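Here are my notes on the model you sent over. Have the structure open while you go through the points.

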Amino acid sequence: MATKTGIPAAPGTEKPAAALSKEEILRYSRHLIMPEVGMEGQLKLKQAKVLAIGTGGLGAPLGLYLAAAGVGRIGLVDFDLVDFTNLQRQILFSTSDVGRPKIEAATDRLRSLNPEIQIDHFETRLTSENALDIMKEYDIVVDGTDNFPTRYLVNDACVLLGKPNVYGSIFRFEGQASIFGAPGGPCYRCLYPEPPPPGLVPSCAEGGVLGVLPGIVGAIQAAETLKLIIGKGEHLIGRLLLFDALAMRFRELKLRKNPDCPVCGAHPTVTKLIDYAEFCGIRGEEAPAPQATVPEITPRDLKSRLDRGDDLFILDVREPHEYQICNLGGHLIPLGDLSRRVSELDSSREIVAHCRSGKRSAEAVEFLRQAGFRKIWNLKGGILAWSDEVDPSVPKY
Amino acid sequence: MAVKVIIPTPLRAYAGKQESVELQAATVGEALSALTSRFGELKKHLYADDGRLRSFVNVYVNDEDIRYLQKDQTRVREGDTISIVPSIAGGS
């Protein structure tokens with residue numbers, strides 16, 4: 001009851017001021033006994049509406065901490081299904097959730113953590129068509145996405161709606177965090193006016209990520225979100241926080257608002273949401289393979305030729321640590337070393353190059369063809385396809 | 001001037017897997033050109049075909065963005081740290 005908290009309804013308001021129940025007071029007692037949060041801050045948290053875009057590596061710790069802290073309304077946006085490779089870092093999900101929609105598993109998990117709060121779920125990909133509608137209900141947007149088009153979309157939509165965007169981004173051992181789109185503060189485009197061309201910057205799926213890294217960066221995003229809500233402390237507005245988990249070092253860079261920014265500058269040229277796939281040079285869902293088509297052989301054809309006893313030289317262009325995971329007994333020359341180790345190859349023999357998915361080995365085949373190799377093929381789909389089509393005992397990674 | 005250039009994770013593969021490189025330079029431009037002449041592959045990741053720094057790569061001297069200093073001409077002092085900070089998008 002409101003009387004317990006001593007906070008009366010403001011005169012003239014239709015809704016009574018939020019109040020904490022006895023159960024909530026107990027639940028949030030470690031907040032309530034700190035003057036920086038206290039009853040005032042906890043009620044702000046209860047009335048706050050935060051939208052988390054993505055429930056993966058960053059969204060998982062973020063969602064858990066926001067729910068635990070008592071943020072009254074949390075919106076979740078995701079369209080993906082939980083898979084086994086997520087479990088190494090996406091701590092919202094359990095092994096039993098594999099195959100379920102992330103949004104469903106995340107909602108269940110957050111509701112069981114804190115039944116006092118409202119969870120809104122949007123099982124959809126965020127697009128230029130739906131972003132403003134979804135985001136307009138919320139006070140703060142937290143960007144836990146995993147690709148450039150969606151990051152620029154979230155940024156532009158936040159600037160257009162005047163909502164702060166709590167940003168976090170990760171790669172291998174390294175993370176970045178900041179707050180964009182706050183009044184007077186810079187936006188993501190002030191920092192990076194344009195995205196990299198497709199294929200130049202590897203994703204986590206290609207480059208890997210230390211499992212705990214999104215935990216740390218997502219928790220930083222959660223801390224910044226809570227501080228924005230309670231209005232305390234120094235925020236990451238105008239500051240870019242860099243974190244290197246390998247060196248275990250934080251650094252901070254100054255981030256300035258670009259007066260010529262196309263979105264948040266004095267004379268914006270982007271005044272509505274655009275086609276972000278096109279902006280990022282991408283057509284279709286994923287970045288297309290940059291290389292031209294090279295001669296290919298399917299796993300099944302390779303298997304039947306090997307069974308026939310044909311003299312084929314198998315070239316593995318992955319890294320040594322990948323060779324340790326699984327291999328086809330090929331000769332290992334990592335793609336990056338190929339140019340200086342080309343003398344190890346005999347151009348008179350038939351060569352089949354492979355990697356994990358067929359992307360790096362296509363580059364290798366292209367390079368070797370330019371170097372004069374004629375009897376060379378790329379194993380279509382790489383070791384992943386070999387596992388699917390020929391030998392399921394070869395693990396996929 | 002001896003300066004330290006910090007290489008970000010995504011570009012380390014093109015810089016001999018090093019986290020940082022010590023160089024002699026008087027300006028940021030000199031430092032980056034010394035760096036790319038030592039590591040040729042780095043060049044296409046830092047510069048576009050027209051020779052300008054790519055727009056998803058920012059360069060800082062200590063904690064200041066060179067776009068708001070004198071860009072390539074920004075002078076460096078003994079012991080300064082130059083950071084190359086490319087955009088990364090991972091999150092899942």
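1. Start with Gly75(A), which sits opposite Asp120(A) of S3(A). Strand S2 (residues 73–77) of chain A runs parallel to S3(A), and the two share 5 bridges. Strands here are DSSP runs of E, at least two residues, and helices are runs of H or I, at least four residues, both numbered from the N terminus. A pair of strands needs at least two DSSP bridges between them.

2. Before going on, a word on the source: this is a predicted model, so local features need pLDDT of at least 70 and side-chain atom pairs pLDDT 80 or more, while totals for chains, interfaces and linings use all residues. Residues are numbered from 1 along each chain as its sequence is written, with chains lettered from A and ligands numbered from 1 in the order written.

3. What order do the strands of the open sheet in chain A take? It goes S3-S2-S1-S4-S5-S6-S7-S8, 8 strands with mixed pairing. Ignoring direction, neighbouring strands are turned by 15° against each other on average.

4. Now the helices on that sheet. Helix H6 (residues 102–113) of chain A lies across S2 and S3 of chain A, at about 175° to S3(A). Helix H11 (residues 213–230) of chain A touches S1, S4, S5, S6 and S7 of chain A, and makes about 170° with S5(A). Axes are lines fitted to C-alpha atoms, for helices over the stretch in contact, with angles from 0 to 180 degrees between N-to-C directions. Contact means C-beta atoms, placed from the backbone, within 7 Å.

5. H11(A) also meets helix H5 (residues 59–69) of chain A: their axes come within 7 Å and cross at roughly 35°. The residues of this contact split into 9 nonpolar, 5 polar and no charged. Among them are Leu62(A) and Tyr65(A) from H5(A), and Ala222(A) and Leu226(A) from H11(A). For the classes, Ala, Val, Leu, Ile, Met, Phe, Trp, Tyr, Cys and Pro count as nonpolar, Asp, Glu, Lys and Arg as charged, and the others, Gly among them, as polar.

6. Which chain B elements face chain A? In total, 23 residues of chain B contact 37 residues of chain A. Helix H1 (9–12), strand S3 (57–61), strand S4 (64–65) and strand S5 (81–86) of chain B each supply at least two residues on the chain B side. S5(B) gives the most, with 3 residues. That side of chain B divides into 10 nonpolar, 9 polar and 4 charged residues.

How values were computed: Contact = placed C-beta atoms within 7 Å.
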